[in-house]
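Please look through the sequence and the model below before reading on. The report that follows takes up aromatic rings, charges beside rings, and a sheet.

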Amino acid sequence: MADFTYDFFVIGGGSGGVRAARMAAQGGVRVALAEAAALGGTCVNVGCIPKKLYSYAAHYADAFTEAAGFGWDVGQPRFDWERLKKNRAAVITRLNGIYEQLLADAGVQILRGWAQLVDGHTVEVRTETGVQRITARHILLATGGTPSVPDFPGREHVLTSDSMFDLPVFPKRLVVVGGGYIACEFASIFQGLGAQVTQLYRGEQVLRGFDEEVRAFVAAEMRKTGVDLRLHAGVAAITRTKDGLELTLADGSTLGADTVLYATGRVPNVNGLGLDAAGVAQGKDGAITVDAHYRTSVHSVYALGDVTARVQLTPVALGEAMALVDHLFGDGKRKMGYEFIPTAVFTHPNIGTVGYSEADARAKFGAVTVFRSDFKPLRHTLSGSGERTLVKLVVDTASDRVVGLHMVGPDAGEVVQGFAVAMKAGATKAVFDSTIGIHPTLAEEFVTLRTAARH
Ligand SMILES: Cc1cc2nc3c(=O)[nH]c(=O)nc-3n(C[C@H](O)[C@H](O)[C@H](O)COP(=O)(O)OP(=O)(O)OC[C@H]3O[C@@H](n4cnc5c(N)ncnc54)[C@H](O)[C@@H]3O)c2cc1C
């Protein structure tokens, strides 16, 4: 066998790369990892973590207003953007350090710099001290994704989600363009923090791919919070004026803004990675093509996480990393299941979902039974808020198995995580019915849905 410097070389120190490197090194494998930016990748630096912190911040606005109905008098709240940014940055810096420590403790050699493939067993890393050529038995590409903005007049004036956490000035008027979960989350967060948010989406409804009823429900709730959500609305051009930015919309109307966020999709991070040199095959938008064991078209090169543009979520990248390490260096028994992946959207209110939408379930199972309820939660009988909650179950009629579970309401992700275990285990509607509720909670509604809404 050829003599390689490392058994496993990982390019990208984000969710998938760090997990793979750490797990492999803990198993006694000689591992190195190259990261060009901050350790932790998208999730830690410009994704899940800062976003959730800002979502918490935004929820305080509701809490201050709602407190009055519960007997509290709070003074006039004042929001300090600089303080939030500074406190967030401190948390993220601490997390960067923890990631570095975890890798070092596991025995991973960390290389700070841009890495590119030379061939199936060779990587070149550009570090501060020069260019290093390194060989490895296996190479993992875990380089993630990056925001993509379409070409149009005025494109240079827009920002992507990467810049939103550190905006120098908090925008009074924010326009968010896009209808995916990142667009909706930023619209909710900045509206909550006090911006006047207009969200423009050229499609029929936001959150394509989610359950239709959830999409309509959350759109209505977001509008109630003050987001000016406009559907069938596209941007033709953006110009800078003395008052900020002016958007000309596809219908000819104009709209003023201080900041315009384009959250119109993400593409795999593959530029300058040397894929052509090594002969790694790519699919749509440059996504790296892999087989069931994350192997690319080159025998010794693997890829996982967002760069493969499949399910772009941190826990999926982590699951894939553990399955790959087990396949390469373990007993190969660990498998990554792609069915019943739960997920949350941190809009206000949150969405939590696992399994099939009603439409997808009808397409896959044929006959389905739908149970649903929307109601004003107990808390809002005193809070003065008009927010409503939606809970919904989609049941495969033939087997009685619950195949879709959806919620729009406070802490929906927290609620749905537990139900995801039951659904992975194949829980039927009869099992849900025989489960005792926890009273009084929102979550108990999922085990007390008795009457079918439709078949
Ligand atoms: C705004 C936003 C919010 C999100 N919220 C959530 C959420 O709430 N929940 C959730 O599950 N997911 C969320 N995600 C998605 C999640 O962040 C990604 O799915 C996850 O980070 C993917 O992990 P990864 O390892 O594939 O890539 P990444 O985490 O993106 O890591 C890739 C790393 O590779 C490095 N890199 C790239 N090319 C090179 C190179 N040639 N050499 C050296 N280093 C390189 C990059 O600098 C980066 O650090 C969010 C994403 C965004 C943008």
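## Aromatic rings and a sheet

In this predicted model, Phe-432 is buried, because its relative accessible area is 3%, which lies under the 20% cut-off for that class. Its partner is Phe-419, with which Phe-432 forms a stacked aromatic pair. Phe-419 is likewise buried, with a relative accessible area of 16%. The pair links distant parts of the chain, since Phe-419 belongs to helix α12 (residues 412-424) and Phe-432 to helix α13 (residues 429-434), 13 residues apart.

The structure holds 16 aromatic pairs, and two of them are set out here.

| Pair | Arrangement | Centre to centre | Between the planes |
|---|---|---|---|
| Tyr-60 and Phe-64 | tilted | 6.2 Å | 40° |
| Phe-419 and Phe-432 | stacked | 5.6 Å | 20° |

Tyr-60 and Phe-64 both lie in helix α3 (residues 48-67), where they are four residues apart, or about one turn of the helix. Phe-64 counts as partly exposed, at 35% relative accessibility. Elsewhere, one aromatic cluster is formed by Tyr-54, Phe-79, Trp-81, Phe-165, Phe-170, Phe-186 and Phe-190.

Charged side chains also meet rings: Lys-429 lies over the face of Phe-371, at 4.2 Å from the ring centre, and the charged end of Lys-364 sits over the ring of Phe-365, 5.9 Å from its centre.

Turning to the sheet, three strands form an open, antiparallel arrangement in the order β11-β12-β13. Its edge strands are β11 (235-241) and β13 (254-257), each of which pairs on one side only, and the twist averages 25° from one strand to the next. Six bridges join β11 to β12 (residues 244-249), and Arg-240 stands opposite Leu-245 in β12.

Notes:
Residues are numbered from 1 along each chain as its sequence is written. This is a predicted model: local features need pLDDT of at least 70, side-chain atom pairs count only at pLDDT 80 or more; totals for chains, interfaces and linings use all residues. Side-chain values use heavy atoms; hydrogens and water are left out. Two strands pair if DSSP finds at least two bridges between them. Helices (H or I, at least four residues) and strands (E, at least two) are DSSP runs, numbered from the N terminus. Axes are lines fitted to C-alpha atoms, for helices over the stretch in contact, and angles run from 0 to 180 degrees between N-to-C directions. Rings of Phe, Tyr and Trp (its six-membered ring) pair if their centres lie within 6.5 Å; planes under 30 degrees apart count as stacked, over 60 as edge-to-face and the rest as tilted. Buried means under 20% relative accessible area, exposed over 50%, partly exposed in between (1.4 Å probe, protein chains only). A charge sits over a ring if NZ of Lys or CZ of Arg is within 6 Å of the ring centre and within 35 degrees of the ring normal.
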